Amino acid sequence: MADDPQRNFRSAYYEKVGFRGVEEKKSLEILLKDNPLDLEKLSTFSQRFPLPSMYRIHVWKVLLGILPPHSDSHALVGGYRKEQYQDILEALEVMRYINSSTPSTHVYLRMFQLESQTLPRCSETSPPDEENEDFLSISRAMEEIVDDPVDCYWLVKCFVNQYHTKFGDSVPHLPKSLEHYLSQEEPRLLNHLKNSGALHQLPYNLWFRCCFAGCLPESSLQRVWDKVISGSCKILVFVALEILLSYKIILMGINRPEGMVKFLCNIPQENTDAIVTKAIDLWHKYSGTLIHAI
């Protein structure tokens with residue numbers, strides 16, 4: 001978004017009187033009127049600003065490729081997505097992989113496995129195990145955000161696929177990145193984690209493989225996923241960092257690794273919005289100003 005003194009003045013005024021985001025919402029509405037939609041500008045917007053809840057799912061679907069950039073094709077493609085969902089569902093029912101009592105998240109998993117050609121033989125089918133827990137955790141969280149099961153399945157499927165395709169090589173390095181930024185922000189806490197043996201036992205799977213699904217409530221989680229879906233897995237490092245900083249006093253008082261891990265896997269839920277806001281500020285601080293024009 002080009003620098004505009006008048007716009008900056010209006011934004012500052014709106015924020016001062018409690019209408020933060022008014023200008024950003026207008027800017028997003030202008031972007032959504034483009035045909036075709038400019039994916040780079042939508043991604044940049046999502047990186048810089050929180051997505052308004054009324055547009056979030058639509059923007060996610062576009063950025064994840066569920067809907068095409070050409071807006072006049074959205075209704076048609078949406079219909080195809082629904083038909084494909086029903087076809088896969090019926091196929092799994094006929095093959096007796098699912099039935100009316102199968103939990104919806106397990107249904108999404110079997111659908112995903114069928115489409116990715118990883119569906120186990122029916123004779124070998126057992127309840128989803130730990131290997132599938134990342135997918136199931138993301139599915140459970142997405143169900144809390146999205147009401148429609150068709151949208152939910154497509155969002156989970158494309159979110160998981162994009163995350164593994166785009167960030168699969170980066171995820172193993174995120175714990176080291178967290179250690180680096182913690183050394184910048186709070187070296188005493190880092191030393192405590194090292195000396196207690198907790199540093200390498202932190203809940204990295206929960207944080208980085210599940211993208212905080214099952215850790216943060218959905219109201220906070222969706223603001224993190226805005227950044228992941230629009231192209232940054234590094235935001236996950238700063239959310240983890242801010243969790244450690246926010247509960248520094250508690251963590252400094254725990255000397256056993258299992259005690260720290262138990263606390264971090266079940267952090268209090270009432271403070272998470274503030275944690276995510278501070279994490280995004282830290283992310284912007286270390287990542288520098290995003291310079292793409294909107």
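## Exercises on a predicted helical model

In helix 12, the buried residues (under 20% relative accessible area, with exposed over 50% and partly exposed in between; 1.4 Å probe, protein chains only) are Ser220, Leu221, Gln222, Arg223, Val224, Trp225, Asp226, Lys227, Val228 and Ile229.

This is a predicted model: local features need pLDDT of at least 70, side-chain atom pairs count only at pLDDT 80 or more, and totals for chains, interfaces and linings use all residues. Residues are numbered from 1 along each chain as its sequence is written, and side-chain values use heavy atoms, with hydrogens and water left out.

### Exercise 1. The setting of helix 12

Task: state how enclosed helix 12 is, and name the helices that its buried residues pack against.

Solution. 
- Step 1. Helices are DSSP runs of H or I with at least four residues, strands are runs of E with at least two, and both are numbered from the N terminus. Contact means heavy atoms within 4.5 Å.
- Step 2. Take the burial. Ten of the twelve residues of helix 12 are buried, so this helix is largely enclosed by the rest of the structure.
- Step 3. List the partners. The buried residues pack against helix 3 (39–48), helix 4 (53–63), helix 7 (133–145), helix 8, helix 13 and helix 16 (272–287).
- Step 4. Look past the end. Glycine 231 follows helix 12, and its phi is positive, near 125 degrees.

### Exercise 2. Ring partners

Task: classify the pair of phenylalanine 159 and tryptophan 225.

Solution. 
- Step 1. Set the rule. Rings of Phe, Tyr and Trp (its six-membered ring) pair if their centres lie within 6.5 Å; planes under 30 degrees apart are stacked, over 60 edge-to-face, and the rest tilted.
- Step 2. Count. The structure holds 17 aromatic pairs.
- Step 3. Start with a reference pair. Tyrosine 85 and tyrosine 153 have ring centres 6.2 Å apart and planes at 55 degrees, so this pair is tilted.
- Step 4. Place the residues. Phenylalanine 159 lies in helix 8 and tryptophan 225 in helix 12 (residues 218–229), so the pair ties together parts 66 residues apart in sequence.
- Step 5. Check burial. Phenylalanine 159 is buried at 1% relative accessible area, and tryptophan 225 is buried at 0%.
- Step 6. Widen the view. Trp60, Phe159, Tyr163, Phe167 and Trp225 form one aromatic cluster.

### Exercise 3. Helix 5 against helix 8

Task: describe how helix 5 and helix 8 pack.

Solution. 
- Step 1. Get the geometry. Helix 5 (residues 74–94) and helix 8 (residues 149–167) pack at an angle of about 90 degrees, with axes 10 Å apart. Axes are lines fitted to C-alpha atoms, for helices over the stretch in contact, and angles run from 0 to 180 degrees between N-to-C directions.
- Step 2. Classify. Helix 5 and helix 8 are therefore roughly perpendicular (65 to 115 degrees; under 35 is roughly parallel, over 145 roughly antiparallel, the rest oblique).
- Step 3. Name the residues. Arg81, Lys82, Gln84 and Tyr85 in helix 5 meet Pro149, Val150, Tyr153 and Trp154 in helix 8.
- Step 4. Find the charge over a ring (NZ of Lys or CZ of Arg within 6 Å of the ring centre and within 35 degrees of the ring normal). Arginine 81 lies over the face of tryptophan 154, at 4.4 Å from the ring centre.
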